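Visitor: Please take a close look at one part of this model for me: the place where the two chains meet. Then show me what stands around it.

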Amino acid sequence: MLKGFGNILVKELKELIRDPKILLGMIIVPLIMFPVLGAVMNFSMQSAQEQVQKATVLVVNNDGGNYSQIFIAALNSSVKVFMSNYTSPEDTVNQNELSKCNTTQLIEIPPGFSTNMTLHVNVDPNITASVKIYSVFSGTGVFESVGSSMIDRLIDGFNRRLASNIVCEEKSSIIKGQIKEGVDPAQLSALMISQAIAMPITIMILLTYSMQIAATSVAMEKEEKTLETLLTLPVDRFSILMGKLSGSIVVAGVAAIAYMIGFNYYMGSFTSAIPAGTNLDLVSLGLVPSLFGYLLLGISLFVALLSALAMAVILSAFAEDVRSAQSLVSYVYPFLFIPSFILMYVDINALPLAVKVALYAIPYSHPIIASRAVTMGDYWTAVWGIVYVSIFTLVIMYIASRLFATEKVLTAKLKFRGLRKRGKTAAQDLE
Amino acid sequence: MIHESGEPALDNAIRIADLTKDFGAIRALDSLNLSVESGEIFGLIGPNGAGKTTALRIISALLLPTSGNVEVFGLDVVKKPAEVRKIISYLPEEAGAYRNLSGWEYLHFMAKFKTDSKDEIQRVVNDAAEISGLGERLRDRAKTYSKGMKRRLLVARALMTKPKLAILDEPGSGLDVLHAYHVREIIKKYVKDCGVTVLLSSHNMLEVEHLCGRVALLNKGKTVAEGEPQELKEKFASANLEEVFAKVVGLA
C-alpha cells in the first residue's frame, strides 16, 4: 500500500523548497511581516498613549457659575487645560486656537451649566448639565479616537465624584476646520477604518497582478524566442521596450479607472450602511475625495502602476522563462505589502523619521498615502508623491532601455546562489 | 527593405575573421574564420556546444564579438548593426510565434517591419502563406499549431521578405521527415528563385548534405574542416559527413 509514496514526497519537498517563490512567499515573508506588523501596532498604540499622557484640552467657558470652575479644576488635575480667547466654538476653531495649543479636543461649557448642576443636586436628579465636546478628525489611523475617549473618561471620573450622570456630553467632530454638529468622532473613526484597510489591500492586489502580467509577457517573449527575433528586425530597440510597456500601461490604465469607479461606489455605499439614528454621511461631511482629488488619486495610482510595470519588465529581462520571471518579480512584493500594512494602522506623519523616509522612498506606498491625503483635502502630498514616483519611473525606464540596447537582454541572468544548485551558466546555455 | 534581384551582389555575403567570443571564463568561439559567398546555402555543422548559435547571433548583430571582425555584405556588424538588420532575417532555434495571434496576424506583424506599403505587405504575406503550406490553418491561433506547423510558419516568415541573407538556426530541428522535407524545399526554392543567401546551422549532418552547397565543421569554437560535402567525403574517405566529423575530431 502507498508504494513509492515516500519517494514522491521527498522529491516534492525538494522541488518546493528549492523554488524561491515558495520560500519567499510562504516562509520568509510571514517571518518578516508579522514582526513588522507587531512593531507597527506596538508603536501606534504607544504613540496614542503618549498622546493621552501629555494631553491638552481647550475650554470655552460660557458659564459664569461656580460649577464651571470646579469642572475646569477637575479637568486640570488630569490634563493640561487652556482657556480659549473666544466665546464661541466656531470662532475658536476658525482662529486656529486648537493648533496654537497643540490639542485636538475642544470643550464648551454652555450657559446654564452651573444652574443645571445646582438644580440636579437640590431639586430634580433628572435635570443634567451638559458640555459640548468637539474633536478634530483627521482620518489618520485606527487609533485616532483615543483623544475623544480620554475626555469620556475624565467626565466619567468627575461624575463619579459628584453624582452619576450629572454632566453629560454632546459630541461633535471638526472635519477640515469645520464643525460638524452631532457627528460622533468615535463612530466616524469606525467608519473610516474600513476604508483605511480596503484601500491598501486593493492597491496591493492591483499592483501585484499587473506586475505578474508584465513579467509574464516579457518572459514569454524570451521563452518563445520571439524577443530574439524582434531584436534582429530593423526596428528601434527603444520602440520594442516602449511598445511592450505601453501595452501593459493600457491594461494598467483601464485597471486604474475600474479601480476608481469601484472605489467611488465603495465610498458611496457607506451612506446607506449607517445605523438609523446617526446622521453620518461621508459625502456631506466632505470625507469623500473631490473630483480633483479623484483625478490626483487616479494619476498617483497610474504612475505607481507604471513604475511597478517597468520594474517587472526589467526583472523579467533577467529571467529565462515565465516561471523564473514570476519568482523574480515576487521579490518586489515585500515592498508592496509592508507599506500597505503599516499605513493601514498608522498615519505616516506619526512614524519615526527613518521609517517615514523609507515609506516615502518606496514608490508603491504613494497611492495609499495619496488616497488618505486627498480625502482630507491635502492635495500637495499627492502631487509631490506623483512627482517623486514619476522621476523614479523614468530612472527605471532609462535602465530598462539601456538593458534593451545591449546584448545583456539576451544573456543577462540573475543567480539565486544557495536557493538552488547553480545550474548551467549563461554561457553554456548559449552554446 | 526588399532585396531587388537586379542589385549587383558582392562576392562575399559573410566574411568572418579571427572571431572570438567569451562568456565569462568560457570561450564559445576561438579565432573563427569563415566566408560565405553570395547566393549559396552554407551549413555550419557541429555538435551541441560547438559555437554554432553564438556565431549566428553575432552575425545577426545580437551579440557583440569579444574580438575579431564580422562583415555582412561589406557591413561591419559592430559598427553598422542597424544597416545589417535591414538586409538579414534571423530564425532562432526552437523559436515560437505569438501564442494568441493567428498565423495571418503573425505574418502581417512581421511584414510591417520591412515595408510600409499595404500592397507590398499583402504580397509578402500571401507569398509566406503559400510557402508555409498551412492553408486555412493560418486563421487559427499559433498556440494550436503543432511543432512542425510552427516551424513552417517561421521559416516562411524568415524568407518572405526575400532578405539578402537568411540566417536559420537549426531550421529542421525536431521535425518529422515530411515537415523537414517541406522546409528544405522552401529554402532551396528561395535561393534559386530570389537570390537569397542562406546560412544555416544544424547538428543533423545528413540534412545538411542534402541542402548545402558548402559546409564548415565546427568543434569547440573552431572550424575543423570546410568545403563542399562531396569534396570533404572524398578527402576523408568517408561515406557521409557524420563519418567525416568523427574522423576530424579524432573519434574514429
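Guide: Two residues count as in contact if their C-beta atoms, placed from the backbone, lie within 7 Å. The model is a predicted one. By that cut-off, 25 residues of chain B are in contact with 18 residues of chain A. On the chain B side, four elements each supply at least two of the touching residues: β2, α1 (52-59), α2 (81-87) and β6 (88-91).

Take β2 of chain B next. This strand belongs to an open sheet of four strands. The order is β2-β1-β4-β5 in chain B, and the pairing is antiparallel. β2 (26-37) is an edge strand, and so labelled too is β5 (75-76) of chain B. Each of these two pairs on one side only. Further into the sheet, β1 (residues 12-23) and β4 (residues 67-72) of chain B run antiparallel and share five bridges. Within β4(B), Asn69(B) stands opposite Ala17(B). As a rule, side chains in a regular strand alternate between the two faces of the sheet.

Now the partner, chain A. Chain A holds 19 helices and six strands. Of its 431 residues, 37% count as buried. Among contacts in chain A with a separation of 6 or more, 77% join residues 24 or more positions apart.

β4 (residues 129-137) and β5 (residues 167-175) of chain A pair in the parallel sense, over nine bridges. Lys132(A) has Glu170(A) in β5(A) as its bridge partner. β5(A) also pairs with β6 (residues 178-180) of chain A, here in the antiparallel sense and over three bridges. One bridge there links Ile175(A) to Gln178(A) in β6(A). β5(A) and β6(A) make a hairpin, with two residues between them. In the turn, Lys176(A) has a positive phi of about 50°.

Next, the helices. Helix α16 (residues 366-375) of chain A is largely enclosed by the rest of the structure, because 10 of its 10 residues are buried. Buried here calls for 20 or more other C-beta atoms within 10 Å. The buried residues of α16(A) include His366(A), Arg372(A) and Thr375(A). Ile368(A), Ile369(A) and Val374(A) are also among them. After α16(A) comes Gly377(A), with a positive phi near 80°.

Val355(A) sits in helix α15 (residues 353-361) of chain A. Val355(A) has 17 other C-beta atoms within 10 Å, so this residue is partly exposed. From Val355(A) to Val79(A) is 276 residues along the chain, and their C-alpha atoms are separated by 30 Å. Gln69(A) lies in helix α3 (residues 66-78) of chain A. Gln69(A) is partly exposed too, because 14 other C-beta atoms lie within 10 Å. Gln69(A) and Ser114(A) are 45 residues apart in sequence, and 9.2 Å apart in space, C-alpha to C-alpha.

Back to the meeting place, to close. Chain B brings 25 residues into contact with 18 of chain A.

Note on methods: Residues are numbered from 1 along each chain as its sequence is written. Chains are lettered from A and ligands numbered from 1 in the order in which they are written. This is a predicted model: local features need pLDDT of at least 70, side-chain atom pairs count only at pLDDT 80 or more; totals for chains, interfaces and linings use all residues. A residue is buried if 20 or more other C-beta atoms lie within 10 Å of its own, exposed if 12 or fewer, and partly exposed in between; C-beta atoms are placed from the backbone. Two strands pair if DSSP finds at least two bridges between them.
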